[in-house]
Amino acid sequence: MTEQEHKVYRHADADGHFRRKDSVFRSIVSSDPTAEFPAEKDRYILYLGYGCPWVHRSNIARSLKGLEEIIPLVADPAYEGRYTIPVLCDKEETIVNNKSSEIIRMFYTELDHLLPDDLREVNKPGGGFYPLYLRNDIDEMNKWVYRQINNGVYKTGFATTQVAYEGNLYPLFEALDRIKTHLHSKDTNLSGEHITETDIRLYMTVARFDVAYYLIFRCNLKTIWHDYPQIHL
């Protein structure tokens with residue numbers, strides 16, 4: 001085994017399966033002014049690295065919400081230690097949260113009131129990224145998109161036994177087939193005409209699939225470009 005292969009395979013447990021560890025920092029920035037971390041302009045910063053898909057969706061949500069002047073970005077190109085990103089901190093360097101799914105939801109639920117009226121969720125077409133009338137559908141789709149696609153590519157790529165590899169490879173493509181079928185009956189987005197949270201969460205995997213996951217992570221039954229034109233960007 002080469003050194004590069006060792007770096008990939010060491011993520012798996014003894015049985016050959018990769019199991020993602022839970023994020024440690026799970027505090028919430030809240031629109032409640034009495035909360036431990038109240039939503040305030042110029043209080044929070046987002047640490048990132050541009051190659052990370054979990055960071056990618058956090059940065060997309062930040063940009064789509066127009067939060068660039070409220071949540072600045074920080075990246076240290078000289079840092080070489082171990083880290084997990086994205087990390088949302090306050091400017092006293094207290095880590096608030098490092099779970100991307102919670103960070104993006106905070107951006108459009110808890111920080112919304114800091115934005116001009118035209119950028120607020122209630123005034124966006126379709127009711128914003130997490131509209132009340134679609135929340136059950138969005139939450140349900142998020143579960144299997146994360147389990148089989150977003151995290152599925154990692155469970156496939158980091159597997160060290162054939163059983164673990166096939167046990168995640170086939171569910172990954174079953175989920176992509178499910179997305180393909182779903183989009184036959186919808187508009188260009190997963191919940192209809194307008195972009196929602198689920199589109200943001202799926203995009204960061206689809207955008208990397210053919211150039212990274214297909215080759216490096218051996219998710220190679222099909223390509224997005226050739227086999228999933230409904231999903232292809």
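The model is predicted, so local features are taken only at pLDDT of at least 70 and side-chain atom pairs only at pLDDT 80 or more, whereas totals for chains, interfaces and linings use all residues. Residues are numbered from 1 along each chain as its sequence is written, and side-chain values use heavy atoms, with hydrogens and water left out.

**The sheet**

Select strands S1 (44-47) and S2 (73-74), then S3 (residues 87-90) and S4 (95-97). Helices (H or I, at least four residues) and strands (E, at least two) are DSSP runs, numbered from the N terminus. The four strands form an open sheet in the order S2-S1-S3-S4, and the pairing is mixed. S2 and S4 are the edge strands, each pairing on one side only. Two strands count as paired if DSSP finds at least two bridges between them.

Stay on S1 and look to either side. S1 and S3 are antiparallel, joined over four bridges; Ile-45 has Cys-89 in S3 as its bridge partner. S1 and S2 run parallel, with two bridges, and here Leu-46 is partnered by Leu-73 of S2.

**Helix H3**

Next select H3 (100-109). Here a residue is called buried under 20% relative accessible area, exposed over 50%, and partly exposed in between (1.4 Å probe, protein chains only). Eight of the ten residues of H3 are buried, so the helix is largely enclosed by the rest of the structure. The buried set is Ser-100, Ser-101, Glu-102, Ile-103, Ile-104, Met-106, Phe-107 and Tyr-108. Show what lies around them: the cover includes S1, H2, S3, S4 and H7, with contact meaning heavy atoms within 4.5 Å.

**Helix H2**

Move to H2 (residues 53-64). Its twelve residues should span 16 Å at 1.5 Å a residue, and the end C-alpha atoms are 16 Å apart, which agrees. The expected span is 1.5 Å times one less than the number of residues. Is H2 enclosed by the rest of the structure or open? Nine of its twelve residues are buried, so H2 is largely enclosed. Colour Pro-53, Trp-54, Val-55, Arg-57, Ser-58, Asn-59, Ile-60, Ala-61 and Arg-62 to see the buried ones. They pack against strands S1 and S2 and against helices H3, H4 (135-150), H5 (152-157) and H7 (197-213).

Select Lys-65, in the loop between H2 and S2. Lys-65 is buried, with a relative accessible area of 0%. Its side chain reaches the backbone oxygen of Leu-119 at 2.8 Å. That is a polar contact, a pair of N or O atoms within 3.5 Å; within protein, one must be able to donate a hydrogen and the other to accept it, and residues adjacent in sequence count only if both atoms are side-chain atoms. Leaving aside neighbours within four places in sequence, the residues in contact with Lys-65 include Phe-107 and Tyr-108, as well as Asp-112, Arg-120 and Phe-129.

**Gln-148 in H4**

Go to Gln-148 in helix H4. At 16% relative accessibility, Gln-148 counts as buried. Which backbone oxygen does the side chain of Gln-148 reach? It is that of Pro-171, at 2.7 Å. Not counting residues up to four places away in sequence, Gln-148 touches Pro-171, Leu-172 and Ala-175.

**Cysteines**

Now display the cysteine sulfurs. The whole structure has zero disulfides, a disulfide being a pair of cysteine sulfur atoms within 2.5 Å. For Cys-89, the nearest cysteine sulfur is that of Cys-52, 15 Å away; Cys-89 is buried, at 4% relative accessible area. For Cys-219, the nearest is again the sulfur of Cys-52, 16 Å away. Cys-219 is buried too, at 0% relative accessibility.

**Two positive phi values**

Most residues other than glycine have a negative phi. Select Asp-42, in the loop between helix H1 (3-9) and S1. Its phi is positive, near 70°, and Asp-42 is partly exposed, with a relative accessible area of 45%. Finish at Arg-218, in the loop between H7 and helix H8 (224-227). Arg-218 has a positive phi of about 60° although it is not a glycine, and at 25% relative accessibility it counts as partly exposed.
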